[in-house]
Amino acid sequence: MSTSDMRDIDGAVVAELTRLRESIDNIDAAVVHMLAERFKCTQQVGLLKARHHLPPADPAREARQIARLRELAEAANLDPAFAEKLLNFIIAEVIRHHERIAVEPRTGDDAGAGGAGAHSG
């Protein structure tokens, strides 16, 4: 909705729309920060897997996580199929990062930490 369209709407409606959009913006920011924290943890998992020559993907864990997230989504009145799609997208990104970490040259105990970046996992 453009600014010119907003002029024709009741002020109380505009105020409520603005309040709701500000809440959405705050929630979006929280989601981004939570994802960043999640990827910090998965980066450490990737480093551990690389050090011990474990495969980047763990299909059994992924299946458990998907089932768990679907249950959480149902309890929260969120479409479980949407939650599964979101988690599958995140898992694919994590696996991509783990594959990259596995092939990065490492030296010492802190190997790979600098090249992976804080956003990876």
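Predicted model: local features only at pLDDT ≥ 70, side-chain atom pairs only at ≥ 80, totals over all residues.
Let me start with a definition: a residue is called buried when its relative accessible area is under 20%, exposed when it is over 50%, and partly exposed in between, using a 1.4 Å probe and protein chains only. Keep that in mind, as we will need it for the salt bridges.

Hello everyone! Residues are numbered from 1 along each chain as its sequence is written, and side-chain values use heavy atoms, with hydrogens and water left out.

Let's begin with helix 2. Helices here are DSSP runs of H or I with at least four residues, numbered from the N terminus. Helix 2 covers residues 11-51, which makes 41 residues. From its first C-alpha to its last it reaches 60 Å, close to the 60 Å expected at 1.5 Å a residue. That expected span is 1.5 Å times one less than the number of residues.

What happens at the two ends of helix 2? At the start, a side-chain oxygen of Asp 10 comes to within 2.9 Å of the backbone nitrogen of Ala 12. After the helix comes His 53, and its phi is positive, near 55 degrees.

Which residues of helix 2 are buried? They are Phe 39, Thr 42, Gln 43, Gly 46, Leu 47, Lys 49 and Ala 50. Please remember Gly 46, Lys 49 and Ala 50 from that list, for they will come back.

Now to the salt bridges. A salt bridge is a side-chain nitrogen of Lys or Arg within 4 Å of a carboxyl oxygen of Asp or Glu. How many does a search of the whole structure find? It finds five, and I'd like to show you some of them.

Start with Glu 16 and Arg 19, whose closest N and O atoms are 2.7 Å apart. Why can these two meet? Glu 16 and Arg 19 are three residues apart in helix 2, so about one helical turn separates them. Here is the general idea: an α-helix has 3.6 residues a turn, so residues three or four places apart point the same way. Now back to our opening definition: Glu 16 is partly exposed, with a relative accessible area of 36%, and Arg 19 counts as partly exposed at 43%.

Lys 40 and Glu 37 are three residues apart in helix 2, about one helical turn. Lys 40 is partly exposed at 38% relative accessibility, and Glu 37 is partly exposed at 42%.

Let's move to helix 4, residues 80-103. There, Glu 93 and Arg 96 form a salt bridge with 2.6 Å between N and O. Being three residues apart, Glu 93 and Arg 96 are separated by about one helical turn. Glu 93 is partly exposed at 26%, and Arg 96 is partly exposed at 43%.

On a 1 Å grid over the protein atoms alone, a cavity is a set of points where a 1.4 Å probe fits but cannot get out; a pocket is an open set with protein on both sides within 12 Å along at least five of seven lines; and lining residues have an atom within 4 Å of a point.

The structure holds one cavity of 30 Å³ or more. What lines the largest cavity? The lining is Gly 46, Lys 49, Ala 50, Leu 54, Pro 55, Pro 56, His 98 and Ala 102.

What about the pockets? The largest pocket has a volume of about 490 Å³. It is lined by 16 residues, and the closest to its centre are Arg 38, Leu 69, Leu 86, Leu 87 and Ile 90. Helix 2, helix 3 (59-75) and helix 4 each supply at least two residues of that lining.

The second largest pocket has a volume of about 310 Å³. Of its 14 lining residues, Thr 42, Lys 49, Arg 61, Val 94 and His 98 are the closest to the centre. Here too, helix 2 supplies the largest share of the lining, with five residues.

Notes. Polar contact = N/O pair within 3.5 Å; in protein donor to acceptor, adjacent residues only side chain to side chain. Points joined across faces, edges and corners; volume = space filled by probe spheres on them.
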